[in-house]
Amino acid sequence: MLAINSHNPVDIAYIDFSKAFDSVCHSKLICKLRSFGIGGKLLAWITEYLSNRTRVVKVGGQLSSVSLVSSGVPQGSVLGPLLFLLFINDIVDEFGVFLTAKLFADDVKIYVVIDGPSKINCLQLGLDKLHIWSVKWQLNIVAHKCGVLHVGRNNTNHEYNIHNSKLVNATEVVDLGVTVDSNSNMRFDKHINKIVTKAHQRAALICRCFKSKQPDILFRAFAVYVRPILEYCSAVWNLGYLCDINKIESVQRRFTKRLKGFHSLSYVNRLKALNTESLELRRL
């Protein structure tokens with residue numbers, strides 16, 4: 001956002017790994033753990049934990065033969081995600097000081113503020129290094145699922161590639177549940193429209209499907225199933241535009257008006273009766 005306010009374009013590359021959690025090579029994971037200083041009984045215990053794991057496939061009532069699992073961290077476990085983070089965490093060391101990398105589990109994005117012609121080459125060099133890292137550690141990148149988001153008014157929409165595969169120039173991406181588009185002023189219009197539409201649909205479903213019509217029960221369901229949709233990551237996209245405030249508030253305003261005995265009350269009085277606050281106040 002600081003770069004946009006300074007009228008500098010930003011190029012963001014979103015990276016998709018193929019079956020990342022299932023592709024972690026056990027021997028290379030142990031090698032990384034050893035390089036981090038993990039040894040002795042702890043390393044032996046982790047090695048034993050990963051060794052001799054088997055799997056079968058069930059189709060109908062038939063089971064396949066047992067096969068050994070030589071890669072992947074055990075999903076559904078407490079230790080599995082931690083081992084994956086230790087495996088992938090050194091990926092940020094591949095990029096120079098001009099590139100910024102953000103990781104969340106297997107979601108990786110790298111971006112650069114283009115305040116000079118050389119910065120475009122920095123991002124391409126970073127992608128080349130990322131490919132070399134992925135080959136070395138056997139974590140394959142799915143190039144056709146990766147994309148580049150060009151943000152900023154003066155962006156030249158430069159094309160990038162990974163291992164001779166051209167990356168798609170995306171107009172919008174869903175980044176950890178938040179829709180980000182290439183709109184130069186980062187208004188998050190598309191994200192707000194999406195969550196408002198989804199919230200209205202779920203609120204209507206509550207009114208139709210609940211047998212009880214007691215206002216306190218229905219509003220409790222609204223607070224559990226609808227309100228989180230409208231508040232997820234609001235610290236990122238809540239920019240305070242009046243049109244967006246009214247659009248989001250309309251979901252709760254409309255729902256509370258449909259409650260039994262609340263139709264004739266003003267919105268402020270409906271909130272008082274339900275002992276709750278406006279969505280705008282909650283975001284603030």
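**View 1. Asn 157 in the loop between β8 and β9 of a predicted model**. At a relative accessibility of 43%, Asn 157 counts as partly exposed, a class that lies between buried (under 20% relative accessible area) and exposed (over 50%), as computed with a 1.4 Å probe on protein chains only. The loop that holds Asn 157 runs between β8 (147-151) and β9 (161-162); strands are DSSP runs of E with at least two residues, helices are runs of H or I with at least four, and both are numbered from the N terminus. Although Asn 157 is not a glycine, its phi is positive, at about 55°.

**View 2. Asn 52 in the loop between α3 and β2**. Asn 52 is placed between α3 (40-50) and β2 (53-55). This residue is exposed, with 64% relative accessibility. Asn 52 has a positive phi of about 55° without being a glycine.

**View 3. Thr 276 and its contacts**. Thr 276 belongs to the loop between α11 (267-273) and α12 (279-283) and is buried, at 18% relative accessible area. Beyond its neighbours within four places in sequence, Thr 276 is in contact (heavy atoms within 4.5 Å) with Phe 219, Arg 227 and Leu 271. With Arg 227 there is also a polar contact between the two side chains, at 3.5 Å. A polar contact is a pair of N or O atoms within 3.5 Å; within protein, one must be able to donate a hydrogen and the other to accept it, and residues adjacent in sequence count only if both atoms are side-chain atoms.

**Notes.** Residues are numbered from 1 along each chain as its sequence is written, and side-chain values use heavy atoms, without hydrogens and water. In this predicted model, local features need pLDDT of at least 70 and side-chain atom pairs count only at pLDDT 80 or more, whereas totals for chains, interfaces and linings use all residues.
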